[in-house]
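Please consult the sequence and structure displayed below while reading.

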Amino acid sequence: MKKNFISTGVKDFGVILNPKKCKELKSQIEKLRGYKKDIFYKSYKEYKKKGRISNTSPGLKTHNLIYTHNLDLKFVDESLKFKNALSSIMGNEFRIIKRSVIMHVPLKLLPEWVKDKVKNVGRANLNPWIKDANQDVQYFSHLDFHQDMSKAISGYDKF
């Protein structure tokens, strides 16, 4: 299984998490941070006055919707299918080093000035254009899958 993943970069594990629990989590997240236009600064002028380009992503433990709202992820952490899937690719010593909610924002919700800023970006990180109070979620445009390895975490800056 690992060799196939290494050669193709893709592995379908089938259903590994409880679909009902996933829908409940999605519903909870949408109630807290639904798809709304008002999460964006109203204009580039307002962004220039109040926004910033750095430190706009959810933190490891703070300014992160998962922790500030105590989202229950036990159904993920305790899933043997999930653990086995990750272990089959990364080995038994894998660690989840950061959790955050990642949301795709449909183009119809992007203000025109933001569309202009990200028009030539394939997988645009929208957080710089998002009001600070909503940056506890990671927002993207044109995103169908996301996986990171953060250099900001001690011991992982050698990759």
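Asn 55 is located in the loop that runs between α3 (44–50) and α4 (65–68). The model is a predicted one, and in it Asn 55 adopts a positive phi of about 55 degrees although it is not a glycine. Most residues other than glycine have a negative phi. The side of the question that concerns solvent is clear for Asn 55: this residue is exposed, with a relative accessible area of 67%.

His 63 is also found in the loop between α3 and α4. His 63 has a positive phi of about 45 degrees, although it is not a glycine. With a relative accessible area of 30%, His 63 is partly exposed.

## Helix α6 and the residue after it

Helix α6 spans residues 80–90, and its buried residues are Phe 82, Ala 85, Leu 86, Ser 87 and Ile 89.

## Overall architecture

The protein contains 7 helices and 3 strands. Along the sequence, these elements follow the pattern α-α-α-α-α-α-β-α-β-β. Among contacts between residues at least 6 apart in sequence, 70% join residues at least 24 apart.

## Burial and surface

Of the 159 residues in the protein, 33% are buried. The accessible surface comes to about 11000 Å², and carbon and sulfur atoms account for 53% of this surface.

Methods:
Residues numbered from 1 in each chain as written. Predicted model: local features only at pLDDT ≥ 70, side-chain atom pairs only at ≥ 80, totals over all residues. Heavy atoms only, no water. Buried < 20%, exposed > 50% of the residue type's maximum accessible area, 1.4 Å probe, protein only. Helix = DSSP H or I, 4+ residues; strand = E, 2+ residues; numbered from the N terminus. Contact = heavy atoms within 4.5 Å. Areas by Shrake-Rupley, 256 points an atom, 1.4 Å probe, with all protein chains shown as cover.
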